[in-house]
Amino acid sequence: GLFGVFASVSALVNSLASHGIRTWRRNFLLPWLAFFLVVLGMLIMHMAHSLYFEQTQWRHVFLFFANIAVFSCWRHMHKQYILMALPRPQEQTIVDVESVVREYLSPVTTMSNPKDLPPKYEEVEELPPPV
């Protein structure tokens with residue numbers, strides 16, 4: 001029913017937004033922005049109606065956080081839409097964070113003189129401690 005329609009429309013606008021971001025065409029983001037603005041408006045109206053006609057309940061806390069989550073996503077996508085008015089940025093160097101951290105955490109190894117090797121096992125003789 002209604003959930004299937006919502007899921008289908010959501011999948012469609014998400015696909016359009018993904019394509020728009022990959023191809024740097026900001027008009028593909030407009031259906032996403034419009035759809036989730038309607039979703040945000042419905043969530044806010046439902047929460048306001050629920051708070052006005054009922055006592056405060058735990059579900060109102062979850063509705064509040066759902067509003068914050070949807071608004072945060074919408075705000076990020078709106079910023080992306082505004083950013084896409086500018087020319088597309090060129091290829092940038094992507095830093096592999098894992099390799100940087102691994103290099104930072106690895107012990108420092110210095111190049112030692114190959115002639116300065118540790119003594120061989122046979123050469124080491126265990127001496128008693130001095131008295």
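The side chain of Ser50 makes a polar contact with the side chain of Arg59, at 3.0 Å, where a polar contact is a pair of N or O atoms within 3.5 Å, one able to donate a hydrogen and the other to accept it within protein, and residues adjacent in sequence count only if both atoms are side-chain atoms. This is a predicted model, in which local features need pLDDT of at least 70 and side-chain atom pairs count only at pLDDT 80 or more, while totals for chains, interfaces and linings use all residues. Residues are numbered from 1 along each chain as its sequence is written, and side-chain values use heavy atoms, with hydrogens and water left out.

Ser50 is placed in helix H2, helices being DSSP runs of H or I with at least four residues, numbered from the N terminus. When its neighbours within four places in sequence are left aside, Ser50 is in contact with Arg59 and His60, contact meaning heavy atoms within 4.5 Å.

The table compares the accessibility of several residues, in which buried means under 20% relative accessible area, exposed over 50%, and partly exposed in between, with a 1.4 Å probe and protein chains only.

| Residue | Relative accessible area | Class |
|---|---|---|
| Ser50 | 2% | buried |
| Val13 | 6% | buried |
| Asn67 | 8% | buried |
| Trp24 | 19% | buried |
| Phe71 | 42% | partly exposed |

Asn67 belongs to helix H3, which covers residues 58-83, and a polar atom of the Asn67 side chain lies 3.4 Å from the backbone nitrogen of Ile44. Not counting residues up to four places away in sequence, Asn67 touches Leu40, Leu43, Ile44 and Met47. Phe71 is also placed in helix H3; between Phe71 and Glu54 there are 17 residues in sequence and 24 Å in space, taken C-alpha to C-alpha.

Two packed helices are described by the angle between their axes and the distance between the axes. Helix H1 (residues 2-23) and helix H2 (residues 30-53) pack at an angle of about 140 degrees, and their axes are 8 Å apart; the axes are lines fitted to C-alpha atoms over the stretch in contact, and angles run from 0 to 180 degrees between N-to-C directions. On the H1 side the contact is made by Phe6, Val9, Ser10, Val13, Asn14, Leu16 and Ala17, and on the H2 side by Pro31, Trp32, Phe35, Phe36 and Val39.

Val13, which lies in helix H1, is in contact with Pro31, Trp32, Phe35 and Phe36 when its neighbours within four places in sequence are left aside. The C-alpha atoms of Val13 and Phe36 are separated by 9.3 Å, although the two residues are 23 residues apart along the chain.

The largest nonpolar core has 18 residues, of which Trp32, Leu33, Phe36 and Met77 touch the most other members; such a core is a set of buried Ala, Val, Leu, Ile, Met, Phe, Trp, Tyr and Cys residues joined through side-chain atoms within 4.5 Å. H1, H2 and H3 each supply at least two residues of this core, and its largest share, 8 residues, comes from H2. Met77 touches Ala17, Ile21, Leu29, Trp32 and Leu33, not counting residues up to four places away in sequence.

Trp24 lies in the loop between H1 and H2, and its phi is near 60 degrees, a positive value in a residue other than glycine.
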